[in-house]
Every structure is written in structure tokens, then in C-alpha cells.
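I begin with the sequence and the model themselves.

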Protein chains: 2
Amino acid sequence: MAEQPEPTHFLHKLLNPQSLCIFGANENLLQNMGCQELLNIIDNGYKGKVYPIHPRLETVLGLKAYKTIAELPEVPDLAIILLPKRIVPQVLTEIGEKGTKHVVLVTAGFRETNNADAEQEIIDICDKYGIRFIGPNCLGIINTHCKVGDEECILNSTWVNYFEPNRPGNVSIASQSGTFVSHVCFLNPEIDLHYSKTISIGNSLNIDLVDCLDYFEQDTTTDVILLYIEEIKKGRGRAFIEAIKRISVKKPIIALYTGGSEAGAKAVASHTGSLSGNNNIYNAAFKHGVIRVNTVEEWIDAAVLFSKVIPIKAIPKGNRLGIISVAGGPAATASDQANRLGLKIPEFPDVLQEKIKSLLPATAQGVQASNPVDFTFTISPRVFYEQVPKYIAKMNVVDGMVFIGAYGRDFFQYHEIGMKFYNSEKVQQGLAMLKEFTESGIEYLKRMVKKFKIPIIFVNYLGIKDEIVRLLNSNGFTVFRMEHEAVSAMRYLMQYGMFLEKLNTRPN
Amino acid sequence: MAEQPEPTHFLHKLLNPQSLCIFGANENLLQNMGCQELLNIIDNGYKGKVYPIHPRLETVLGLKAYKTIAELPEVPDLAIILLPKRIVPQVLTEIGEKGTKHVVLVTAGFRETNNADAEQEIIDICDKYGIRFIGPNCLGIINTHCKVGDEECILNSTWVNYFEPNRPGNVSIASQSGTFVSHVCFLNPEIDLHYSKTISIGNSLNIDLVDCLDYFEQDTTTDVILLYIEEIKKGRGRAFIEAIKRISVKKPIIALYTGGSEAGAKAVASHTGSLSGNNNIYNAAFKHGVIRVNTVEEWIDAAVLFSKVIPIKAIPKGNRLGIISVAGGPAATASDQANRLGLKIPEFPDVLQEKIKSLLPATAQGVQASNPVDFTFTISPRVFYEQVPKYIAKMNVVDGMVFIGAYGRDFFQYHEIGMKFYNSEKVQQGLAMLKEFTESGIEYLKRMVKKFKIPIIFVNYLGIKDEIVRLLNSNGFTVFRMEHEAVSAMRYLMQYGMFLEKLNTRPN
């Protein structure tokens, strides 16, 4: 990525504080949200100064505590509040008097419990002091590229630790649900998804989805934007659409929207107090390139695929899918699903079929060597990772490919007797050779993807514990557990590519 | 289950051989399918006699090898063939001469490669000797309840080891894809799914889906039947429908059918040589209670739910869903999806809402305490596992429930600093107490499910590695990773329950 200017948006300051204070943290890990959030801030290695504010405790989690914000030796850049609602106005006033301009207000019990007066009170206080705040009724923020001085670190004020193998990434989330900026971290390791920023906007009384979009547009470490939308607030529809129109041609926006169905709208109302949305707004957003998904799985699966292909610009121009499989069953289910989702699975031209056929062993069942290519029980990595995809890419007959069944060492899981044989010198020598060819094959394929700009997704029933999945991930490939995930994610990528194609544009 | 008679179906003999021989196994684990299948037979602990047949080797994997079947000291009950196609007729003749009546013919290259003459030749030989055979172009069988003498053991002749925590179960599969009887074993441990039998029927030249259905009907260790269907062979449509009509009221049949779309049909043709199916047959099957799913995930997710609720008869009579959640976001996405799938999420009566409200903490957002019930950050196991579900069940307002967010110890994943605090005596004491209440709560809930016959599914983003997931599994609950899986599986169970309700019947 070329050198880009530091974002000027105010959220950049909020997400990169040089110091912070936290209200409402004690040491009761199991029942005190403040304790959980403070522990994550410390444990994930935030490098700025952290000041717990507590009326009685001398220290919290080993940090010196202060009775009020007034006593702090400096003006903290950020204040995080997890206090009961009744004392929030007073604390906000103290924050304003101290001069802190950014707040994450986790405290709940406002609009979502029909408490509009309490909302107006905190709006007035914050307006008076020029405070911008996230929340109320939110869960916190993560910034994996938090700059403190000249150093980068992770700032994580959510409930869930950003544990390994989670690491700094290029996907940013703005969400009206806290779960979808924190607990989703438990899902990421299996699909190699890594966040840049996550922002739980809660009731979005002061900072909303549009602010987050404006910031993500500027943020140099955000390549892919995820939104969890329950509603666009009244009066912000036009701004939302303008932001979408401007940003979606530069960075893909993938949205999970639950206000659309009757039951969804009802659930949403008691969650963040949102009223039913204006469907015209959402329809316009989806027309302007926002990728709309239906489930959390589709959301994070699309995110990981986009996060890998956007930086190398391997964006399909159409919806022709190639399926390469070592097994007939999943090739059929993948084809069936692709068909239902409106993708094309083009028949390969004769000359290509002849070329592929010459590579297949006699037992391979794809007698026409057409699409899907089914080479059951071919274990030649050169054929699988190099020759077949090269022939297909060169002919320009597909816009994206799904590879089903790259099995590594964990395919061989045995008990005592089997392990004895598996560990024999002969088998291990064979595996070492296979590994060598597989590694060079995958490196070849990686170069090919960059050259031809054709995205490739792998499917592997073993999941992340298989060493070949980790190898594919480390080479920039997306690997899913099941074929429906691959087809679904590819469909969304193709949808985005065709949107750009229609506008005759590409992300920078 | 009451004492039931031993099945009389011929497949019972084929799946419970007292001895077997295998053609085509050497010791080249990485390239020889025979070696892989033989190793799984040995390693999974088959207790019958195993005879490798090999023209040159003295021993294979430590077992004495014989040059021909004629030399064997006994007539083996089963012969497994993984030889090149050209010598299959000769070997089948030798098998027939020896007197073996059951064969698994793994060898490929018949109808699926337009080789009809070769098919007729093996049909003629087998008819002459009265041999029943699975295949050709199949992958093998698993029987986790294989009876050899008086002992039960696992017979697994597929490519994939039936490794722990896979164990004998009550779900049986008949599949036209080998992948879906073997490689799916890699998916099962995460959802606590366990097989009874899996049969890869391949081209089903002699034994087909109908035979498998007839056998599963009799089999006392099969409670749930899975089918992967690419086609019903010509002339077998009526028998298929008759079997479906008879069996589906006794045991649920869950079918993944890929011949229905144009692309699916094309993929299928090159896989097992099936021609496009007769849609009337499938439509009739689905009318007679077969549960049709769209993806492998839906297939195995439905299987695990059915496998747990059928034995305790917790089968819903309608499609009213209750959603109980500790987080608003997933409650909204689950509601949204349930709505799209046609389930009802009934509003709770006032008296029930009052009761639930009295249990919720002030921070809980479900101000109406209606459906979905959202009690964010309630950690009282008594409320979550006992009181709320009891109140709901007693009022008879839902037919099934989805519980989102039961987090155990693995919620707390920290680095060095966090672990030090987490391991402190105070936190560990709190966790021990929480664990005790959780265990008694889950036991209470288990009894409640049996009493009220209301199925409950849990959702947990952490997956099987979390100890609470294992605890829920061991108490007979179904736990999925994501909310869309729970809603989808529940929808299929409700569909089955309503089918039975319409017929005014229940499985035995």
C-alpha cells in the first residue's frame, strides 16, 4: 500500500488514545464488566497510560486507582464508562471539566428501556463540553493498529480477548450489536480472519454508522468494511446513502441487516430501541454496492475472502465459477448450490478438456474433464495446484475457482496400530516428499492468482487444525470448512466485482 | 429401547461379517486405497479375521497374505475389492467359487465412464453365484455396532479413520458419494454426531438406496436415516416411495439431493453416471415426510439434533419457536432467519412476561421480557437453565427453544497478565461455584426436556473446545457454533413433527 495521509476524522483520535481512564472496573472478573474490559485492555498490550477511577479501591488489577478524574496527573484522551446509569451525568460533567473529549459509554438502560429523558441529559452535557461519545448501551472498541507514540499496539476494550492467532488485520466492523464486535473473535481463528477496528456503536446517540463509515474510508489499515445494521436513524438516511455511494467503489461494504423481517424488527426494538427501518434506505444501499448477507457465517466468510483478495486486486469481473474437486459428492453439492445462487458453471472448451484429461489418472471420474473437474484420488500436487488451474486460467473461461479437498497430514488420524505404521520411515519419507511438492505447488498457485487476478477458495473438511490449511492461509488463500461456505462467499465477491464492472471502476 | 428382533435383511449379514478378505491392499499408504482401507479396518478394531489377498506379498500391515481366495482356510463372509477393473471379473468368479456371498466393490471405471458392457459382465457373474454387492465405484462401509461372535466392534472399510471422539451412534447414512460416508467424519466431533452405519453405494448396480432404507428400517441401532441422493434408478421409483411412506413415520429420513438443479444434474452425471432424475419421484418423497436439506451443514446439523431428540421423543407439534439469549445481536439474527424460514416467534402472554421480568437484572434489555428473551449479562445459571425455561414450558407457548450464549471457562482466554489474574484463588473459587450451579442447572433442564417434550438447542461461538459445550452434549443437548445452524435444524425438526402431527402418529 502506498504511503497515505493520517486520517483527520475525529474517530481516529478516539481509537488511538495516548492515555485512557476507565470508570466502573473492580476486580470481580466474573460479574463486573468493567473488570473484564480493563483486563482485556491490559492483557492485549495497550501501551498508553491506563487510569482506573474507583471511589474506594487503591489499585485495580495492579494499576494505581484514582478517586475521581480530577485527581489524574494528566488529561486522558479517552474515558470508558461502565457505571450505573444514575451517576453517568455527574461523571460526564467531571470528564468535561477535566477536558477529555472522547468517551465510550458502555452503560445501558437508555432509549432501549424507554428512557428518553436520560438520553437528552447526557446529550446536553456532552454538547456543552464538546465530547464525542460512542454508546450508550455499547460494548467497546478494538483497534489492532493503535498508535501510541511511535509504537503500534492493540487497544481492546471489549469483553473478549483478542487472543492468538487473532492478529492485526484489515477488516473493520461497525455494529449495533456488541456481540458482533467481540464474541465473533471466537469464530475468526478457524477462518483466518483478522480485524483492524471494531466499534460497538450501541444506541448511537452521538456517533453512528455513518461516522464509522466516514472514518473507515480514511483509515489506511481498513480494506474491508463490515456493518451490522438494525436501523439507520431518522435524519441520517441521506448521509448514509451518500457515504455508501462514495465508499463502496473504493472499499467493499458487507452488511448484515436484521430489521427487514417482522420478527427481526421486533427483536431489534427491544435490543437497541431502534424503530423499524425505512426500507427505501436499505434498498438504495444495496443498489449502491453494499453486499447484503443473511447470516453471521456468510458475513464473516465473505469478510475473510474479501480481506485476502482486495489487497491483491483479484476481483472477478463476472460470475463464471470453476470447481476443481478430488471428490464427486462435494463437487455436485457445490454445483447445485452455485446454480441456486445464480452463478454460472460454464462447460469447458474441448481443447481445455483434452489438456486436463491428459493429466488425470485412469481412476479419475471426470471423463469429460469439464466443469466441475473431478479427479478423485489424484495426489499429484503439481497437477492439482499448478497444471490444472494454469490451463483453466489461461483460457479465461472462469472468473473464480473453488478447490475442494486439499488434505494434509491430519487426514491420517489413527489409534495405536495405525500410528505405528504411519510413523514408519517409508510413510514419513513419502509424506515429506508430498509436502515439498505441495509447498512449491501452492507458491506457484499464489503467483498465478496475482498474475491472472482470479480468486481461488479452498474447501477442507478438516479445518484449521490441518497443516495444509495453515499453509494455504499463510500463502494468502481463503480456506473454508464446507463447500457451501466457499460458494456463498464467492457469490458475494462476484456480485461486488460485477457491481464495479458496471461502473467501470476498481478499488485503488 | 425395548428388546427388538435381529434384522433378517441380507445387508445385516454384509455389515456384520465374522471374517473378511481384501483384494488390492499393499503397504503404500499414500497412494494405495486398499492400504488405507485395510489400515482403517485394523486400526478401528474389527474383531473378525482379516485376510489380505496379494499375488506377491507375504504379509500386509502385519497380517499374513494369501495369493488367492481359494487358499484361505475358511470361506470369508465378506470380500472387499480395490483392484483394477480388468481383473474384477476373474476375482468375482474366484469369490463365487469359494462361496463368499457379500462383496464391497470399490473399483471404479464402469458406468460413470460409459462402460456398460463391463457392468453387465459383473452382474452376470454375481447373479450366477448369488453374490450381493455394494458398488462399483464406491468407497466402503462403516458399522460401529458390528457384532463378531458376542462382541461389538467397529468395522470401518472407508478412507477415513473413525477416530475419537467419534463413537458408536444411532445415525445411519446411505450415500451415492463416498465423501459423505467417510470424510464427513472430520466434521462430526464438533457437533457430537455419531454414526451407526454408513454405506457408500457408488453406482448401486446391485444394492441401492431402497435396499439400505429397508435395512435401516429393521436395524435397532438406527434412529435417524441420512440419504445423499443423486438419482433413483429407473424402475426403483415406486419401491423408493413405498419404503419412504412406510419408514418416515417411524424413523426420520433426512435427504440431501443434488440432482434437482441443472448444474447439479450435470455434476452428478460425471460422478456416478446417473441420468437426470425424475422430479416426480423426489416431490412424492418430500410429500411423504422426507426432510429435504440444501447443504452438507444442514444435513449433519439436522442429523445431530434428530439423533438426540428422537430417542427421548422430544418432537415438536408445531412451529412456535422461543429464543432465549444473553445477547441482543444474535437474538435478532436468529429471529430474522426464523422468520424467513416460516417459523413463528410468538409474543409471550403478559403473565409469563411478568414472571420472566422478575428474574432479569436491571441491565437486561428485554424490557418486555417477551420472545426473544434477551437477558444480557445475566450469569445466574438458575435463571438461565431452570427458571426461565420452566416458566415458558409450563405455559405451552412454544414448540421448541433456542438458547444463545452459554459460555464456559474458555470464554476467558488471556495472555500472561490476564492468566495470572484469572488463575487467582478468588476467580477460580467463583468459577468453581458457577460450574456447580451450571451443572445442576443443566441436569434440571435435561429432566425438563424429557417431561415437557420440548426440544432445546444451544448456540455457543466457542464451539466444542469450551467445557460447557461438552457438558451440554453429555447431557443430551445439541450445541451449534452459530445461530443460523440452530434455527435451520429446529426448522427441519418442526417440519418433521408437523408431518407426524398431521398423520396423528409418533415414532415408536
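How many residues of domain 1 of chain A are in contact with how many residues of domain 2 of chain A? Before answering I note that this is a predicted model, in which local features need pLDDT of at least 70 and side-chain atom pairs count only at pLDDT 80 or more, while totals for chains, interfaces and linings use all residues. I also note that residues are numbered from 1 along each chain as its sequence is written, that chains are lettered from A and ligands numbered from 1 in the order in which they are written, and that side-chain values use heavy atoms, with hydrogens and water left out.

**Entry 1: the two domains of chain A**

I looked up the division of chain A and found domain 1 (10–308) and domain 2 (314–503), with bounds that come from an automatic or database domain assignment. The count I wanted is 25 residues of domain 1 of chain A in contact with 20 residues of domain 2 of chain A, where contact means heavy atoms within 4.5 Å. The C-alpha centres of these two domains of chain A lie 38 Å apart. Between them, the domains bury about 1,700 Å², with 61% of it on carbon and sulfur atoms; buried area is the accessible area (1.4 Å probe) that two parts lose on being put together, summed over both. I wrote down E190(A), L305(A) and K308(A), which supply 30% of the area that domain 1 of chain A buries against domain 2 of chain A, more than any other three residues.

**Entry 2: salt bridges**

I then counted salt bridges over all chains and found 26, a salt bridge being a side-chain nitrogen of Lys or Arg within 4 Å of a carboxyl oxygen of Asp or Glu. One of them joins E217(A) and R246(A), whose closest N and O atoms are 2.7 Å apart. Because E217(A) lies in helix 5 (residues 209–218) of chain A and R246(A) in helix 6 (residues 237–247) of chain A, the pair ties together parts that are 29 residues apart in sequence. Helices here are DSSP runs (H or I, at least four residues), as are strands (E, at least two), and both are numbered from the N terminus.

Another salt bridge joins D336(A) and R340(A) at 3.1 Å, N to O, and both residues lie in helix 10 (residues 328–340) of chain A, four residues apart, about one turn of the helix. Is D336(A) buried or exposed? At 5% relative accessibility D336(A) counts as buried, whereas R340(A), at 41%, is partly exposed; buried means under 20% relative accessible area, exposed over 50%, and partly exposed in between (1.4 Å probe, protein chains only).

**Entry 3: aromatic rings**

I found 35 aromatic pairs over all chains, where rings of Phe, Tyr and Trp (its six-membered ring) pair if their centres lie within 6.5 Å, with planes under 30 degrees apart counted as stacked, over 60 as edge-to-face and the rest as tilted. Lastly, I noted a cluster in which ring pairs link F163(A), F186(A), F411(B), F412(B), Y414(B) and Y422(B).
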